[in-house]
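Thank you all for coming. I would like to walk through one model this morning, beginning with a term that we will need along the way.

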Amino acid sequence: MKAIIAEKPSVAREIAQLLGAHEKKDGYLSGNGYCVTWALGHLITLGMPEDYGIRGFDKASLPIFPNPFILTPKKLKKTNGYEPDPSALKQLNTIKQVISQCSSIIVATDAGREGELIFRYIYNYLQCNKPFERLWISSLTEKAIQDGFKNLQPGDTFDGLYEAAKARSEADWLVGINATQALTIAGNQDIYSLGRVQTPTLALICQRFLQHQNFTKQKYFQIQLSHRKEYTDFTSLSQLQWEEKKQAEQIQKSIEREGKYIVEDVSITTVQEQSPLLFDLTELQKEANRKLGLSADEVLKIAQSLYEKKFITYPRTGSKYIPEDIWSEIPELVRILNTNHQFKSAISTLKFRNFNKRIVNDVKVTDHHGLLITMKVPSALTATEKAIYDMIAYRLLESLSHACTKQVSHIMIKVHHYEFQVKGTKILNHGWRAIKGLLTDSENSDNKNEVLTELPELKIGDELKISKTDLLEKVTQPPKLYTEADLLSAMENAGRSIESKEQQKALSNIGIGTPATRASIIETLLSRNYIIRKSKTLHPTDKGLKVYNLVKDKKIANVKMTAEWEIALDRIEKGELNRTQFINDTQDYTTEITNELLSLHIPQDNIPKLKCPKCQQHHLIIKDKIIKCPDEQCGWILFRMICGIQLNIKDLTLLLTQNKTSLIKNMKSKNGKKFDAYIVLKEDLSTSFEFH
């Protein structure tokens, strides 16, 4: 009997179905010589300081360096600490039981760094020593699973991957736990969470927000000329910009008096705009955020659902390429799309025996290849699932198309000694842009705001009339606040600000976080109340800005460390660096930042002393998310976040002294509708709304 451990129940069911393990048991499936069970994500995690007998948030115990690290079943956060997760304990017991009745194990957790860690932590926690093999697949179609089982790999082939995963897990614990506790102690117990990845990401958002806030807008003026030749209308724009309106008006008048212009220079070039590559996860999240307004986390969940339904390949990929051996399957994928009326006109533009092979690159395929649809025709999709599936399908068709060829014209004309520029773009061959019939919608376009303008034939020395002049009043624009799409790009390209070429190269593929973790980093910042979503943009909260101002000059906010870590983790995976050496270096770094943070002086906000409305005995503890009575017997508690709005100190004071807040605007109901209301403290000390 062989035990198979998948990462999720849905994947386990797919594998069991294919292997003929149809007998349902409590927490696993069996039959045909197999027992198929599953983890529930990270069932086993690294223990918290309390598991080592260390009292949390105690200056004397910092920094904390566990040796060895303790593995514990997943815990749930409760108001008075952490408790084991009952569902995790139950499933862990099932896995133990399954392994005990089998002679060997097949690892079927997700094929990547975290999937490897999920299995190994379970294996080590259960003190198992049975042999195991690895199933390494990129999709859940029958063919992919069957091929995977024919090519099972020895478990120790992935020891390097596990060592890197374990190093990442332990190092994140060292930095996150110690930095969080140090800053919290410095902040007089107001919890400030820090981390190797979340803190540089918060820094990006805060930097952009402050640049936007502190930007001084300036007016300037440009002159636009209108022209007509051979029944074609076109415009030109002054190269110069003027700050003074009067000066610009005088020049405009002199140009009107002149009434004609001379063509001084003509430059016409043919440009090949390459077809886009396949989506990796980050690119899909960016595109879906721009087009559909979906968050990175929502896109990951939808893509995961499509993967588990076998309609797309493994979504947590960082590659935009496919290996040579997948290329032979591509024509069949296109034929499957061609059975759907929606894709017929797009496919009619493709040359079937002459697909563009740009996406084939064995060297650039990481753990998983770029996102593809599978041979399973989708059915019963939700609206958002269909939208994401269509994006992946259209991107495949675009990638197989040939380059878009354009003729780009830059023409310089002169009136007196003032130069004006005329720009024109003419499509010679639509290529990949014909897939959606869109001419300006591409990640790879050099100019996303490009307008197609066909110009008449103009030659150097041509002298023509000016039909009209316009004085355009313009304003300099501040840097745009980050949308999630922009933030994902900034996280992906974080290494560009680093001087070291080796580190820049490491971050060119990695950036801050990985494709699989970037969504959860953004969600972590939201849940910590460091950032909020406003319309489509991300804004730091007062708390987020406070944390940023405290740590902006500290090492923990610097992306350089992420680069150094990713280089090291890559070397650990390849067996070029010892994990122990990396952890020792991380401990040195942790000591440095812990001391840096403990030395900070954090001034206390003016928090009022408010009496508990229930026991009338104690002053309330006012925290970021809750207000509570310190007396556990009393137990009165109020959550500050109500319908998407955090109660400020002024309204808290009004609520607890006069039983009613001021009018709070733009609260959001469960169905997403905005409303204004007063929050009232009732006689039973619960809260309700009073509408004005």
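A residue is called buried here when its relative accessible area is under 20%, and exposed when that value is over 50%, with partly exposed in between. Please keep in mind throughout that what you see is a predicted model.

With that cut-off in hand, let us take His369, which sits in the loop between α12, residues 341–347, and α13. The relative accessible area of His369 is 8%, and because that falls under 20%, His369 counts as buried. Which residues does His369 touch, if we do not count those up to four places away in sequence? They are Ser138, Thr313, Thr317, Ser319, Tyr321, Ile322, Pro323 and Ile326.

Let me step back to the whole chain. The protein chain has 692 residues, of which buried ones make up 50%, and it contains 20 helices and 28 strands. Its C-alpha atoms fill a box of roughly 90 × 70 × 50 Å along the principal axes. Of the contacts with a separation of 6 or more, 71% are between residues 24 or more positions apart. The chain exposes about 34,100 Å², and carbon and sulfur atoms supply 48% of that area. As for charge, there are 94 positive and 83 negative charges, and their mean positions lie 4 Å apart.

Now to the interior. In soluble globular proteins, nonpolar side chains tend to be buried together. The largest nonpolar core in this model has 91 residues, and the members that touch the most others are Ile105, Ile122, Leu183, Val551 and Phe582. Helix α5, residues 159–186, provides the largest share of this core, with 14 residues. If we leave aside neighbours within four places in sequence, Val551 is in contact with Leu183, Leu194, Thr199, Ile556, Ala557 and Leu597. Apart from this core lies another, of 62 residues, which includes Phe149, Leu284, Tyr314 and Leu396.

Is α9 mostly covered or mostly uncovered? It is mostly covered, as 11 of its 13 residues are buried, among them Val299, Leu300, Ile302 and Leu306, but also Asp297, Gln304 and Glu308. The cover over these buried residues includes α1 (9–19), α8 (281–292), α13 (383–400), α14 (484–492) and α16 (518–527). Just after α9, Lys310 takes a positive phi of about 75 degrees.

Asn659, in the loop between α20 and β26, has a positive phi of about 65 degrees although it is not a glycine, and its relative accessibility of 39% makes it partly exposed.

Omega is near -10 degrees for the bond from Leu62 to Pro63, and near -5 degrees for the bond from Asn67 to Pro68.

Technical notes: Residues are numbered from 1 along each chain as its sequence is written. This is a predicted model: local features need pLDDT of at least 70, side-chain atom pairs count only at pLDDT 80 or more; totals for chains, interfaces and linings use all residues. Side-chain values use heavy atoms; hydrogens and water are left out. Buried means under 20% relative accessible area, exposed over 50%, partly exposed in between (1.4 Å probe, protein chains only). Helices (H or I, at least four residues) and strands (E, at least two) are DSSP runs, numbered from the N terminus. Contact means heavy atoms within 4.5 Å. Accessible areas come from the Shrake-Rupley method with a 1.4 Å probe; for residues, only the protein chains shown count as cover. Lys and Arg count as positive and Asp and Glu as negative; His and the chain ends are not counted. The place of a charge is taken as NZ of Lys, CZ of Arg, CG of Asp or CD of Glu. A nonpolar core is a set of buried Ala, Val, Leu, Ile, Met, Phe, Trp, Tyr and Cys residues joined through side-chain atoms within 4.5 Å.
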